[in-house]
Amino acid sequence: MTTPRGTTPTGVPGHRVRHRARLALAAAALMVGAMALPSQAAQPGGGQADAGRAGGAPDAGRETGAPDAKAKVLVFSKTAGFRHDSIPDGIAAIRQLGAENGFTVKATEDAAAFTPKKLAAYDAVVFLSTTGDVLNETQQKAFEGYIGDGGGYVGVHAAADTEYDWPWYGGLAGAYFDSHPAIQPATVKVEDHAHPATAHLGAAWERTDEWYNYRTNPREKARVLAGLDEGSYTGGNMGEDHPLAWCQNYEGGRAFYTGAGHTKESYTDDAFRKHLLGGIQYATGAVQADCRPETGYTPLYDGNGLDGWQQAGPGSFEESADGTLTTRGGMGLLWYGKRQFGSYSLKLDWKMASAGGDDNSGVFVGFPASDDPNSAVNNGYEVQIDATDVDEKTTGSVYGFQSADLAARDAALTPPGRWNTYELRVEGERLRIYLNGKLINDYTNTDPARSLTDGYLGLQNHGDGDEVAFRDVRVKQLSADAPAARK
């Protein structure tokens, strides 16, 4: 139904070739403990970015930076309805973010940019407070093809007030605008602290903006990153579950939306700029994140104390005010002793946190209760965190038993200092490991002396010099039957 995007002579889309090259370079850097992606992360002095004309007005003919070394972003701000006076501020802010973080920016209000050939040049397209019917049917088909071929989308604020007669776009944005009250302060409740758009935020984000109500709730199909506390302002109509920002894998591409960004002041606010930057970095593929829908999880650790957890062996975990647990010394194990688990999905966020970026830790599953951390080593399974060890003992491996799919792991893994999300999915004797939403290991236990069908969960503190941070540990039971006590 759609025309393929621009391709190289091998038939591989040009933006994918560039993206794969960046991933390969990033993987090589990770394996030696590098602290940043080599091309799409911030690069001091990298490229001559176009700061734009006064006021940040769209520049239809110029593109910033070198053509091949950096991610490319198209900012589209055409309006066929209400026009936000913050659009020039938004364009100027995105240009500055690009100059500081290694991506080039072109801004336009010309829908003629939406052809397969022209879109193929970009890693992501930002719909910056677009309104109304901004693309014709041919342009819509071109954009569908772009997303289907792995392109990225960022919707900002009134991007949800766009293309009501194009259901595919409604699915991409996640929800359509319904109404809004007056501009006022409100509390934003942050749900996901691993996504680059929200990793810098605490549990509550206080800000002033124009707060949209939406016609539908995107939670069942998208990963909600943050929502509004309707008790903190007047005029909300969605109740206790009022999403504000979300991301999703959509029709082959990556999509991020934030309802914030109405005011001019938003684009000079550091917290919002980081929020917007994280969404763009996710959409371009510079930073990986788990954007699968998430419902039904129960928190085991959410920053509100260690009730139910106990330390086995030496060392400890240090709690921070932002809800982070960081390993200190060892070798020990912090394990959750309130109950054991049999068939479940365990999710948690982690990052390598030392100055050197080469750290060691792991997540243990399927071990019996014990004050001796070696009991978990000898009777359970460790999902490793250590990017520089040998294959069967590196990040994503079932330690000592089965290596991760290293190519898949390297493509999904973020650098030291950035958050990652693990999902450990245990069903019977099968353990599947997802890193930032990508399956990187599928292991089946055949050892009769061990079992994944029951046991406890724990986090390893490996030793001095190894600093790994954890947050938002949560679990979802997959079957109604609780495992019998394991001795």
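## Salt bridges

A salt bridge is a side-chain nitrogen of Lys or Arg within 4 Å of a carboxyl oxygen of Asp or Glu. This structure is a predicted model, in which local features need pLDDT of at least 70 and side-chain atom pairs count only at pLDDT 80 or more, while totals for chains, interfaces and linings use all residues. Residues are numbered from 1 along each chain as its sequence is written, and side-chain values use heavy atoms, with hydrogens and water left out.

A search of the whole structure finds 23 salt bridges. One of them joins the side chains of D270 and K274, with an N to O distance of 3.4 Å. The two residues are four apart in helix α6, so about one helical turn separates them. Helices here are DSSP runs of H or I with at least four residues, and strands are runs of E with at least two; both are numbered from the N terminus. For accessibility, buried means under 20% relative accessible area, exposed means over 50%, and partly exposed lies in between (1.4 Å probe, protein chains only). D270 is partly exposed because its relative accessibility is 47%. K274 is also partly exposed, at 39%.

## A salt-bridge network

R432 and E427 form another salt bridge, in which the closest N and O atoms are 2.4 Å apart. R432 has a relative accessible area of 15% and is therefore buried; E427, at 31%, counts as partly exposed. Both residues belong to one network, joined by salt bridges that share partners, whose members include D192, R223, D290, R292 and R474.

## Around D410

D410 lies in helix α8, residues 406-412. With a relative accessible area of 17%, D410 is buried. Its salt-bridge partner is R409, and the closest N and O atoms of the pair are 2.7 Å apart. R409 is buried as well. The C-alpha atoms of D410 and L435 are separated by 9.8 Å, and these residues are 25 apart along the chain.

## Helix α2 and what covers it

Helix α2 has 15 residues, 87-101. The expected span of a helix is 1.5 Å times one less than its number of residues. For α2 this gives 21 Å, and the end C-alpha atoms are 21 Å apart, which agrees. After the helix comes G102, with a positive phi near 80 degrees.

Which residues of α2 are buried? They are I87, G90, I91, A93, I94, R95, L97, G98 and N101. Their cover includes the strands β1 (71-76), β2 (103-108) and β3 (124-128), together with helix α6 (270-284).

## Nonpolar cores

A nonpolar core is a set of buried Ala, Val, Leu, Ile, Met, Phe, Trp, Tyr and Cys residues joined through side-chain atoms within 4.5 Å. The largest one has 41 residues, and V75, F103, V126 and L276 touch the most other members. Helix α6 supplies the largest share of this core, seven residues.

Contact means heavy atoms within 4.5 Å. Apart from neighbours within four places in sequence, V75 has contacts that include I91, I94, V105, V126 and L128. A second, separate core has 38 residues, among them L346, V398, L424 and L431.

## S129 in its loop

S129 sits in the loop between β3 and α4 (137-148). Its relative accessibility is 1%, so S129 counts as buried. With neighbours within four places in sequence set aside, the contacts of S129 include T79, H84, I87, H157 and G261.

## Sheet and hairpin

Strands of a sheet pair through backbone hydrogen bonds, either parallel or antiparallel. Two strands are counted as paired if DSSP finds at least two bridges between them.

E319 stands opposite L325 in β15. Five residues lie between the strands of this hairpin, where G323 takes a positive phi near 85 degrees.
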